[in-house]
Amino acid sequence: FTPEQAQELYEAETERISSRGQPVAADSHRLMLNRARSFFTWAREQGLVRRNPFEAVKPVGRRRSGKPQLRIDEARKFMAVALQQAQAGDTLAVGVLLMLLLGLRASEVLQRPVRDLDDGGRILWISRGKTANARRWLQVPEVLQPLLRQLAQGRAPTAWLFGTTRSGRPKHLEYLWSKVHALCQAAGVPVVCAHSLRGLHSTLALEAGATANLVAAALGHGSFAITAR
């Protein structure tokens with residue numbers, strides 16, 4: 001596997017059209033490059049290869065800092081529609097509300113076993129996540145407690161709270177992303193991505209007087225510098 005092949009692979013990734021019909025973002029293809037470099041660094045340490053073919057590949061494009069967020073009035077409309085659908089039995093709408101009100105990542109919502117809902121629905125444990133700092137527990141807002149208890153009712157402790165795919169794995173992140181888009185359209189507000197709800201949560205928490213360290217801890221960040229970015 002040569003450096004020339006590595007360069008060609010990366011250039012092809014920068015030109016790839018995503019499932020949303022748009023070119024892959026710089027954040028995405030630069031992340032893939034970092035993963036490839038890490039893999040071959042490991043392979044070299046194990047004596048499987050003599051060099052890292054991705055070492056000389058230069059990343060292109062600028063990373064985005066932050067994502068477009070809803071304004072407060074827009075967030076109220078969004079939440080009203082999401083809550084209405086959640087109370088009507090829409091499981092994914094409950095998941096979206098968790099992202100907005102608790103600042104969870106999409107993966108942290110969909111990869112929660114029933115046993116992580118604790119103390120009568122008042123606490124949600126995040127036992128594992130994207131980083132080492134993701135492990136935490138959060139107080140569930142009162143409005144969401146009965147909805148979560150209903151999802152957990154009569155199910156095994158190890159069952160996935162938000163259901164599974166046909167293969168038995170937790171639902172894919174695309175389910176939540178699509179739901180956020182649909183809720184934005186139903187509420188008549190600008191369409192934002194699922195992860196921006198997490199950013200909105202932290203923005204409103206800081207403006208309401210929460211300390212920087214508290215917000216960083218609630219989001220599962222190692223430091224407030226990550227939260228601020």
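1. Two strands pair if DSSP finds at least two bridges between them. With that in hand, take the β1-β2 hairpin. The model is predicted. Strands β1 and β2 form a hairpin, and four residues lie between them. Aspartate 119 sits in the turn and has a positive phi of about 55°.

2. Now the pairing inside that hairpin. β1 and β2 (residues 123-126) run antiparallel and share two bridges. Which residue of β2 is the bridge partner of aspartate 118? The partner is isoleucine 123.

3. In general, strands of a sheet pair through backbone hydrogen bonds, in a parallel or an antiparallel sense. Here β2 and β3 are antiparallel and are joined by four bridges. In this pairing, tryptophan 125 stands opposite tryptophan 137 of β3.

4. The whole structure was searched for aromatic pairs, and six were found. For tryptophan 125 and tryptophan 137, the ring centres are 6.3 Å apart and the planes are at 45°, so the pair counts as tilted. The stacked class would need planes under 30 degrees apart, and edge-to-face would need over 60. Tryptophan 125 is in strand β2 and tryptophan 137 in strand β3, so the pair ties together parts twelve residues apart in sequence.

5. Next, the helices. Two packed helices are described by the angle between their axes and the distance between the axes. Start with α1 (residues 3-14) and α2 (residues 26-45). Their axes come within 9 Å and cross at roughly 155°. Angles over 145 degrees count as roughly antiparallel, and α1 and α2 are therefore roughly antiparallel to each other. The crossing of α1 past α2 is right-handed. Tyr10, Glu13 and Thr14 of α1 meet His29, Arg30, Met32 and Leu33 of α2. By class, this contact has three nonpolar, two polar and two charged residues.

6. Helix α3 (residues 72-87) packs on α7 (residues 173-187) at an angle of about 115°, and the axes are 9 Å apart. That makes α3 roughly perpendicular to α7. α3 passes α7 in a right-handed crossing. From α3, the contact uses Lys77, Phe78, Val81, Ala82 and Gln85. From α7 come Lys179, Val180, Leu183, Cys184, Ala186 and Ala187. How do the residues of the contact of α3 with α7 divide by class? There are eight nonpolar, one polar and two charged.

7. α7 has a further packing to check, with α4 (residues 91-102). The angle is about 85°, and the axes are 10 Å apart. α4 is therefore roughly perpendicular to α7. On the α4 side, the contact is made by Leu92, Ala93, Gly95, Val96 and Met99. On the α7 side, Tyr175, Leu176, Lys179, Val180 and Leu183 take part. The contact of α4 with α7 has eight nonpolar, one polar and one charged residues.

8. Lys179, Val180 and Leu183 are among the α7 residues in contact with α3. Lys179, Val180 and Leu183 are also among those in contact with α4.

Terms used: Residues are numbered from 1 along each chain as its sequence is written. This is a predicted model: local features need pLDDT of at least 70, side-chain atom pairs count only at pLDDT 80 or more; totals for chains, interfaces and linings use all residues. Side-chain values use heavy atoms; hydrogens and water are left out. Axes are lines fitted to C-alpha atoms, for helices over the stretch in contact, and angles run from 0 to 180 degrees between N-to-C directions. Angles under 35 degrees count as roughly parallel, over 145 as roughly antiparallel, 65 to 115 as roughly perpendicular and the rest as oblique. A crossing is left-handed if the near helix is turned anticlockwise from the far one by less than a right angle, and right-handed if clockwise. Contact means heavy atoms within 4.5 Å. Ala, Val, Leu, Ile, Met, Phe, Trp, Tyr, Cys and Pro count as nonpolar, Asp, Glu, Lys and Arg as charged, and the others, Gly among them, as polar. Rings of Phe, Tyr and Trp (its six-membered ring) pair if their centres lie within 6.5 Å; planes under 30 degrees apart count as stacked, over 60 as edge-to-face and the rest as tilted.
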